[in-house]
Amino acid sequence: MQKVTNSACEGCELNQASNLKKLGVNIEDNNYVVALAGNPNTGKSTVFNALTGLKQHTGNWPGKTVTRAEGGYRYNEKKYKLVDLPGTYSLLSTSQDEEVARNFILFGKPDVTIIVVDASRLERNLNLVLQILEITDKAVLCLNLMDEAKRLEIEIDDRTLARDLGIPVVPTSARSKEGIPELLKIVHQVATGEIKCKPHRIKNVPKNINNAIEKLRLEIEKEYPNVPNSRWIALRLLDGDERIIEAVKTGEFITE
Amino acid sequence: MTNPVTSLIVFGIVVVLLFLLFYPKSGFYWRIKTSFKNDTKILIEDILKKLYHAEDNGNTLNSNDIINSLNSSPKKILETIAEMENKELISFENGDIKLNDLGMDYALRVIRVHRLWEKYLSEKTGFDKKDWHEIAEKMEHKLDSLQAKELAINLGNPRFDPHGDPIPTETGEVEPINGKPLPTFSEGTIGRIIHIEDEPEIIYKQILAEDLHIGSHIHIIENNEKRIIFHSEGEEFILAPIVANNITIFELQKEEISEENTFRLSKLKKNEHAKIIGISGECRGEIRRRLLDLGFVINTKIEVDLTSPMNNPRAYLVRDTSIAIRNEQAKFILIEKK
Amino acid sequence: MKTNKILNISNDLRWQIGEGFHDKLTEGIYSDAATIAQNSVQKKGDAKRFRFDRSLDKIVTSKVWGFPIMILILSVVLWLTIIGANYPSGLLSDLLIGNIYPWLKTIGESIGFPWWLSGFLFDGVYLALAWVIAVMLPPMAIFFPLFTLLEDFGYLPRVAFNLDHLFKKSGAHGKQALTMSMGFGCNAAGVIATRIIDSPRERLIAIITNNFSLCNGRWPTQILIASIFIGALVPENFAGAISTFAVISIALLGIFFTFMVSLFLSKTMLKGEVSSFTLELPPYRPPRFWKTIYTSLIDRTLIVLWRACVFAAPAGAVIWLISNVFIGDSNIANWMIIHLDGFGILLGLNGVILLAYIVAIPANEIVIPTILMLTVMSASITGVGSGNGVMFELDSINATGEILKAGGWTLLTAINLMLFSLLHNPCSTTIYTIYKETKSVKWTTVASILPIILGFIVCFIVAQVWRILM
């Protein structure tokens, strides 16, 4: 029994590693790969620097990090590779930076995705969060810029938020490194499976569209039972996303 | 050293020659290039289209009508018509030309490519509305039905082209348009624009200049032989009946009417508050998606935040963030003032 | 095929749903977001933006102050860069060319290098590298951090906001104002910066026209030639002012060409590409000074410098080789100069200048040293320079002027050189960067050829008109 699980797991590790290599990320010697996603101007790169200590440039300007920046850190004897994705408003359009971010989360299958949001503009940022949660269920919400939110007299009940979203929420002010130790800990717990996420799925869609999504989702699951984000793939197919249509043809997303 | 005057003259001659050769459309290079094309096929397809449109409107055409409406020489046209009769695309009935089933199929295929291509231009490229028709006129002769199918799939099997015309399906089915020309409605009618005819070009350009959009709600104020006045999206429009005749309206029932207080975002003034009620169907493709992604979504509160020194673009406060867009885009966003 | 089945079902469903899928989905996501946010967010104040941000924005985007503030800031940045770079540039050139270069030559001699090896390595490769580093590093090390500070503070998006209308008139994007300004520092960096433009058509326009921003490698050439030839036209008191004016006019001419070429491209080759403008104006955030300086040095300056060095080294080798490889009586350089001279004169330039621009494609920084070396060589001037293929520059502006005049330069040559320095192909670093950004041979070719054709035409017309009038 022991042996069987081992070999199965080895298989999946291997598969994931080969996919990541294609995307240009080398994960040898790293125990976990963590992706950093978020809207532009949410202090995402500051979070990246606070986590890695690497002096990556932090840009107050959308679309700064078109190529991914990478860094690493150690926590609890484990090595983490951190990949900073381009800041995007959404993953539904087809601009270059959105594709980089989307492809990494979908095909790279990071062990954890940290989603950085601006606490003072939570509602707007949730657009991206909810989309990411359709793709991956191992995510942590980093509620950044809490200091600015405080100055605007905005209070956020992070527990309710965590319950609604179904993923852990960590309030931070990355500039002053507040909340970073907690973030490291939670990421570790999600990576190791200590915390299981039950992410929110998009609900408020009209009935005819929802029916179409469900119909297509079932069809995908019938053919590929192990695909975790079949609903999201169905969504993208219905939206005519050429990259995903291509991926369905080549079977690229099936790496479980 | 060469004489400067001579060299300037030589230079000038070279420039003029290049201009004559490569000037878009009328340059010699392009003319020669187009004259080599197989034009019988194009002519056949153009004649089929004429016949289809005529039958669609309940009219009939004879050979003379076709000669008058096309640019080719009468001799060439008559030869082509004879050839078409041979191929059983058409047949004669009391001098009038009728489409056979075969010809009807062919015509629908050409129209399908034309409308698909217009759809493609509107969704995936930045060509101006007034250029769509002309480009599609060329492309309709180039794509075969397999390529058309691929294009249709790529576009998500659209049902209507950007002018509101139905796109024939692969099997040749055409959805009817449930509307009537604007001048047929009485004063006080409220309706929705569902189709704007793009031929003839002179009238189409006039409609474009008025900045009317498919999907806009209109309220007819005055309708007589001289002019038609109606309100749409917070603005008043005055059209001549001949122009208005090319706009098709679908009448709305009272309960369907939501927006009397509708304006375009570009008309929002500083310190006014408003709510977004939609993005016009005229705003398509990537641009539409980007606006949606940025939070220009139904029921979002919106106000003007900043105006740039030259009044365009303006920045709007949408979901707690200042987003700048050009007035040309803002006019596609419909709002309700508070 | 089971995948085909999935795709077929999806196509059918798409037809059934009709249009508006994307709209409905986005609306759904946002309404979910609103529900979630309502549950957990409590707003006590009603401030939507910081009061400071609002007041600052009112000033920097105002009708009266918007443009003056922008011009002032850009001038200060450029002024600091050009003036501030002089001193460290001098130091570096003393060190690399004044001290290390002779030292290397001595070492070469003592190890017993043959003349051609030490010539190739030290006179060719090393000197080119040294020159690029000495001239390029200091201005970039000043310009990029300053630019990055403005960027981090949040000012640059406001510049794009203010200028969009002007750029739109030529079919371009407001953010091109930023990539254009970045081009004043370095065209390669300017081309990379076009990533911020999310509209494909406008991004291509910005890439192709970036070369019309006078970059750091060209400012020194402009200033040197202007002070030798144009400053000399007026009494000494005004010399500084008039030559500064000439250089600024060239830079403004570059901006003019940016607009004209943008307009031309958007009406012809780029007709039909999607175009849109959306821009978030983010809250102002105080930049962290030292960190920004450190990271922009690493991120931008060193990367660009490294690329330039990679291209400059072989150029140095080529320059040395063409001056030292003989075919018959004449070396390759002289042979090329003689053959290029006719065309050069027609353009109001000369063969030396054309050859210098051909071999100095990798970096504009080495154009002047190459011109000086080639002039001395081809005109057989004695007493200056250090031999065939050894680039040099003189401390004295007058002495440099004497050499150029001895090489047959006139006021027309000077003016046309300034024009040609603005309007010629981008340096190879930039060409390479354009290719990496566009992934298209076609657009890389257009971006490389278009400016030089313009340069030929402008120089030609100026030369002929000048000759008719003078």
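This note goes through selected features of a predicted model, chain by chain.

1. Chain A, overall. The secondary structure of chain A consists of 10 helices and seven strands. Chain A has 256 residues, of which 62% count as buried. Taking contacts in chain A between residues at least 6 apart in sequence, 68% join residues at least 24 apart.

2. Chain A, geometry of a helix pair. Two packed helices are described by the angle between their axes and the distance between the axes. In chain A, helix α8 covers residues 207–223 and helix α9 covers residues 230–238; their axes come within 8 Å and cross at roughly 120°. Angles of 65 to 115 degrees count as roughly perpendicular and those over 145 as roughly antiparallel, so α8(A) is oblique to α9(A). The crossing of these two helices, α8(A) and α9(A), is right-handed.

3. Chain A, residues at the crossing. On the α8(A) side, the residues that meet α9(A) are N210(A), A212(A), I213(A), E214(A), L216(A), R217(A), I220(A) and E221(A). Their counterparts in α9(A) are S230(A), R231(A), I233(A), A234(A), L235(A), L237(A) and L238(A). Sorted by class, the contact of α8(A) with α9(A) has nine nonpolar, two polar and four charged residues. Among the residues in this contact are E214(A) and R217(A) from α8(A), and R231(A) from α9(A).

4. Chain B, the buried side of α9. Which residues of helix α9 of chain B are buried? In this helix, residues 201–210, they are I203(B), Y204(B), I207(B) and L208(B). Viewed down the axis of α9(B), the buried residues fall within an arc of 140°, so they line one face of the helix.

5. I202(B) and A209(B) are exposed and sit on the face of α9(B) turned away from its buried side. After α9(B) comes D211(B), whose phi is positive, near 65°.

6. Chain C, overall. Chain C contains 19 helices and four strands. The C-alpha trace of chain C spans about 85 × 65 × 55 Å along its principal axes. Of its 470 residues, 57% count as buried. Among the contacts in chain C with a separation of 6 or more, 77% are between residues 24 or more positions apart.

7. Chain C, W443. Helix α19 of chain C, residues 441–469, holds W443(C). Is W443(C) buried or exposed? Its relative accessible area is 10%, and buried means under 20%, so W443(C) is buried. Leaving aside residues up to four places away in sequence, W443(C) touches L204(C), I208(C), M269(C), L270(C) and T438(C). The C-alpha atoms of W443(C) and I207(C) are separated by 9.1 Å, while the two residues are 236 residues apart along the chain.

8. Chains B and C, N11 of chain C. N11(C) lies in helix α1 of chain C, residues 2–17. With a relative accessibility of 10%, N11(C) counts as buried. What does N11(C) touch, not counting residues up to four places away in sequence? The residues are I153(B) and N157(B), which belong to chain B.

Terms used:
Residues numbered from 1 in each chain as written. Chains lettered and ligands numbered in written order. Predicted model: local features only at pLDDT ≥ 70, side-chain atom pairs only at ≥ 80, totals over all residues. Heavy atoms only, no water. Axes fitted to C-alpha atoms, helices over the stretch in contact; angles between N-to-C directions. Parallel < 35°, antiparallel > 145°, perpendicular 65-115°, else oblique. Left-handed = near helix turned anticlockwise from the far one by under 90°. Contact = heavy atoms within 4.5 Å. Nonpolar A, V, L, I, M, F, W, Y, C, P; charged D, E, K, R; others polar. Buried < 20%, exposed > 50% of the residue type's maximum accessible area, 1.4 Å probe, protein only. Arc of directions from axis to C-beta.
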